[in-house]
Amino acid sequence: MCGRAYHTYSAEELSVAYLNRRPLKLTVAPNFNMAPTQESPLVLVREDLRQIEPARWGLVPGWAKTLAEASKYSLFNARGEEIAEKRTYAKAFRERRCVVPLSGFYEWLTPASGPKRPHAIARKDGAIMSVAGVWSSWKASPDAEPVQSFSIVTTAANTFMSAIHDRMPVILDERDLDTWLDPEIQEPERILPLVRPCPPEWLTAHEVSRDVNSVRNNRPDLVLPAGG
DNA sequence: CCAGACGTTGTT
DNA sequence: GTCTGG
DNA sequence: CCAGACGTTGTT
DNA sequence: GTCTGG
């Protein structure tokens with residue numbers, strides 16, 4: 001479902017969207033073809049304050065001994081239907097929720113015959129898409145540098161997305177961000193209701209070039225309508 | 001009790 | 001670390 | 001998610 | 001076919 005994405009926003013746009021214009025402590029370069037293992041800005045709350053920090057796409061759980069071990073388990077997506085029960089995600093879902101700010105994501109339509117056709121999906125209003133995630137901080141050894149990582153929460157496709165694919169990321173309403181990000185809110189009955197498909201009218205989509213298939217390609221035109 | 005898994009998607 | 005399976 | 005590798009020995 | 005890497 002959600003294994004490729006892009007972001008073209010500036011640091012200032014992120015600051016306005018999430019930090020009430022506080023400056024970011026990281027530089028933001030556009031990524032027109034972001035894949036698992038790559039870094040993305042992440043919004044999370046530390047000591048009652050929202051922060052934006054870089055993190056690796058693909059959760060590295062505490063029990064992993066190596067990055068390679070973690071990458072065997074496709075932890076770049078977490079099924080929302082089961083996230084509260086799965087041993088790899090349950091604790092992060094209670095205590096370490098985050099928002100992945102995206103300009104949009106890619107989804108491949110699989111025709112009855114012929115090659116898969118990639119589409120870019122974005123918010124119709126042009127706003128930064130607040131995708132629900134869970135994060136982790138992992139160390140290879142006690143004195144190693146911590147690796148921050150995240151997984152994107154997925155759900156069933158809404159009526160808009162189902163024309164392309166049967167799954168989609170959880171896209172949060174701005175009004176739900178504080179609840180989602182608050183690490184002190186841990187009751188499933190308060191956070192599980194946010195894990196649902198967004199209204200279909202929020203979204204727009206267009207087919208893009210199959211050049212996006214290869215992560216070696218990373219150009220501004222990848223996000224544009226195919227052939228345009 | 002210990003050992004071993006721990007995940008998703010898509011396709012058949 | 002925690003759950004599942006035997 | 002898709003693309004690309006998938007291995008060993010011996011020599012530089 | 002299956003795993004690894006981006």
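Predicted model: local features only at pLDDT ≥ 70, side-chain atom pairs only at ≥ 80, totals over all residues.
**Close-ups of a protein and its DNA strands**

**View 1. Strand 5 meets DNA strand B.** Strand 5 (residues 77-79) gives the most to the surface near DNA strand B, with 3 residues. Residues are numbered from 1 along each chain as its sequence is written, chains are lettered from A and ligands numbered from 1 in the order in which they are written, and side-chain values use heavy atoms, with hydrogens and water left out.

**View 2. Who else is around DNA strand B?** In all, 19 residues surround DNA strand B, and the closest are Met1, Tyr73, Arg79, Thr88 and His165. Of the DNA strand B atoms that come within 4 Å of the protein, 68% belong to sugar and phosphate. Sorted by class, this surface has 6 nonpolar, 6 polar and 7 charged residues; Ala, Val, Leu, Ile, Met, Phe, Trp, Tyr, Cys and Pro count as nonpolar, Asp, Glu, Lys and Arg as charged, and the others, Gly among them, as polar.

**View 3. Polar contacts to DNA strand B.** A polar contact here is a pair of N or O atoms within 3.5 Å. Thr88 puts a polar side-chain atom 2.7 Å from a sugar or linking oxygen of DNA strand B. Tyr73 uses a backbone N or O atom, 2.9 Å from a sugar or linking oxygen. With Ser74, a side-chain N or O atom sits 3.4 Å from a base oxygen.

**View 4. Over to DNA strand D.** Around DNA strand D you'll find Met1, Gly3, Arg4, Phe76, Trp108, Lys116, Asn213, Ser214 and Arg216. Sugar and phosphate make up 75% of the DNA strand D atoms within 4 Å of the protein. Arg4 has a polar side-chain atom 2.8 Å from a base oxygen. Phosphate oxygens of DNA strand D lie 3.0 Å from a side-chain N or O atom of Lys116 and 3.2 Å from one of Asn213.

View 5. The order is 2-1-7-8-12, with antiparallel pairing; two strands pair if DSSP finds at least two bridges between them. Strand 2 (31-34) and strand 12 (203-207) stand at the edges with a single partner strand each, so one side of each has no neighbour in the sheet. Inside the sheet, strand 1 (residues 5-7) and strand 7 (residues 104-109) pair in the antiparallel sense over 2 bridges, and Ala5 stands opposite Phe105 in strand 7.

Notes:
Near = heavy atom within 4 Å. Polar contact = N/O pair within 3.5 Å; in protein donor to acceptor, adjacent residues only side chain to side chain. Helix = DSSP H or I, 4+ residues; strand = E, 2+ residues; numbered from the N terminus.
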